[in-house]
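Please look through the sequence and the model below before reading on.

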Amino acid sequence: MILDFNRQDKVSAIIRKEISNILSFSINDKRINFSVTISDVEISKDFKHVKIFFTVLNIFNSNNIKNIKKILNSYKKYIIKLLCKKIILRTAPKLNFYYDNSFLEGNKISKILKKCF
């Protein structure tokens, strides 16, 4: 059985793990600690752009999500600096944070399905 992993997937997984560690242990900001979880990372084929999808626990207000996104984006340079110390890439990728609402959408679909059955 051959697993279908390519370099892009491997680097994405490493970046996801390292950014999670950076957010947990290197950034001491009470506004984002313990509430932000990195759900997925997508990296472009040229490894120059990284989309980081995050979820937020117990916050359903869109204004709070926008504030957390702003906070995360304000730490981008610091995160890139720490990330480049941990992993070796030819160029430092540009990070962009996106809110992942798939969990909330999944809950909505589950509630609708429960009502139907």
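The charged end of Arg7 sits over the ring of Phe47, at 4.8 Å from the ring's centre, and a charge is said to sit over a ring if NZ of Lys or CZ of Arg is within 6 Å of the ring centre and within 35 degrees of the ring normal. Lys51 likewise lies over the face of Tyr98, at 5.9 Å from the ring centre. The model is a predicted one, in which local features need pLDDT of at least 70 and side-chain atom pairs count only at pLDDT 80 or more, while totals for chains, interfaces and linings use all residues. Residues are numbered from 1 along each chain as its sequence is written, and side-chain values use heavy atoms, with hydrogens and water left out.

Helices (H or I, at least four residues) and strands (E, at least two) are DSSP runs, numbered from the N terminus. The expected span of a helix is 1.5 Å times one less than its number of residues, so the 20 residues of H1 should span 28 Å, which agrees with the 27 Å between its end C-alpha atoms. Val11, Ser12, Ile15, Glu18, Ile19, Ile22 and Leu23 are the buried residues of H1, where buried means under 20% relative accessible area, exposed over 50% and partly exposed in between (1.4 Å probe, protein chains only). Seen down the axis of H1, these buried residues fall within an arc of 140°, so they line one face of the helix; the arc is that of the directions from the helix axis to the C-beta atoms. On the other side of H1, Lys17 and Phe25 are exposed.

Not counting residues up to four places away in sequence, Asp29 touches Ile71 and Tyr75, contact meaning heavy atoms within 4.5 Å.

Thr55, in strand E2 (residues 49-56), also counts as buried, at 17% relative accessibility. Leaving aside neighbours within four places in sequence, the residues in contact with Thr55 include Ser35, Val36, Tyr99 and Asp100.
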